[in-house]
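Dear colleague,

Please find below the structure that I am handing over to you. My notes on it follow directly after.

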Amino acid sequence: MQKYGFGVDIGGTTIKMSLFEMTGDMLEKWEIPTNTADNGSSILDDAAKAVEGCLSDWKIEKEDVAGIGVGVPGPVVGNTVVMRCVNLGWGRVDVAKMLEAKTGLKVRVGNDANVAALGEMWQGGAKGCKNVIMVTLGTGVGGGIIVDGKIVGGSHGAGGEIGHIFVDGQETEQCGCGKRGCLEQYASATGIVRLANRALAADSRQTAMRGVEKLTAKDVLDAAKAGDALALEVVEKMGDILGTALANIACVVDPEVVVIGGGVSKAGSILTDVIQKYFKERTFSSCQDTKFELAQLGNDAGVYGCVYLLLSSQ
């Protein structure tokens, strides 16, 4: 087996780059800016140059490299073609074909949330498991679903779009996707703030949240940790919605573990305990003992998962 592999996780602002041994040990990591000018036409050139530079610095021959795994913020079909990446200015792009031509190395491509899930399965919070739900709670809600060690990508690359599960038919505000009542509108950082502001408007009780000029999810969760009654009700509401959504997914894919990541997950047990409570109440009896774990790899989950794409295609 070839000894080395590259993880390239392309974001709207930076491209996270890593050199790995294929055993799972990260040897080096660095970042380069994502140049989105001219519809991102130079992004793959920049990534290729970064890979070539690393090979030169480490004096590694290409025959010793398993390839490059790439994560992108958009749907991917066949581990090769990106259907659309709004943040990068891309339409349909055959990333694998183009980057292979630029580097002479094998390339495998995955959606950024999916590769993060693969990374957590390989070396993170779901290590040792092959059936995983990962949900990332940040500005939005991302996710990845793994069954028998393989990502559920679907026919359009949209498998695992957990954030856009429909959860509320009474919602009047629009989600970023254009629909109304998506999970993302309640379980993301912005969703928690939305729930809190609605609670503040409907309830006159004194609360630490009321004195904050520009309320954030961290403010809400910190107030809940301090025992603030209204903040605790907001967390309970969010936990109910997310726990129920995860319970429904579990009835379909029967996971060994649910991994919760993203910035909101840093709140820890005050959040995960309530999510798990509603999950147990709502899911099928055979799924009630599903483990809940916090993600362990942080911002590196994506590059780990990119390299795992190479391993799983060998």
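A disulfide is defined here as a pair of cysteine sulfur atoms within 2.5 Å. The model is a predicted one, in which local features need pLDDT of at least 70 and side-chain atom pairs count only at pLDDT 80 or more, while totals for chains, interfaces and linings use all residues. Residues are numbered from 1 along each chain as its sequence is written, and side-chain values use heavy atoms, with hydrogens and water left out.

Cysteines

The structure holds zero disulfides. For C129, the closest cysteine sulfur is that of C287, and at 14 Å it is too far for a bond. C129 is also buried (under 20% relative accessible area, with exposed meaning over 50% and partly exposed in between; 1.4 Å probe, protein chains only), its own value being 6%. The sulfur of C306 has its closest cysteine sulfur in C85, 13 Å away, which is again too far for a bond. C306 is buried as well, at 0% relative accessibility.

Sheet

Helices (H or I, at least four residues) and strands (E, at least two) are DSSP runs, numbered from the N terminus; two strands pair if DSSP finds at least two bridges between them. An open sheet of five strands has the order β3-β2-β1-β4-β8, with mixed pairing. Its edges are β3 (26–33) and β8 (107–111); each has a single partner strand, so one side of each is left without a neighbour in the sheet. From one strand to the next, the twist averages 15°. Seven bridges join β1 (residues 4–10) and β2 (residues 14–21) in the antiparallel sense, and F6 has L19 in β2 as its bridge partner.

Axes are lines fitted to C-alpha atoms, for helices over the stretch in contact, and angles run from 0 to 180 degrees between N-to-C directions. Helix α2 (residues 43–58) lies across β1, β2, β3 and β4 (65–72), at about 145° to β3. Helix α10 (residues 301–312) lies across β1, β2, β3, β4 and β8, at about 130° to β1.

The expected span of a helix is 1.5 Å times one less than its number of residues. For the 14 residues of α6 (residues 189–202) this gives 20 Å, and the end C-alpha atoms are 20 Å apart, which agrees. Buried residues of α6 include G191, I192 and L195; among the elements covering the buried residues are α5 (184–187), α7 (217–225) and α8 (229–253). Just after α8, D254 takes a positive phi of about 50°.

Kind regards

Methods: Contact means heavy atoms within 4.5 Å.
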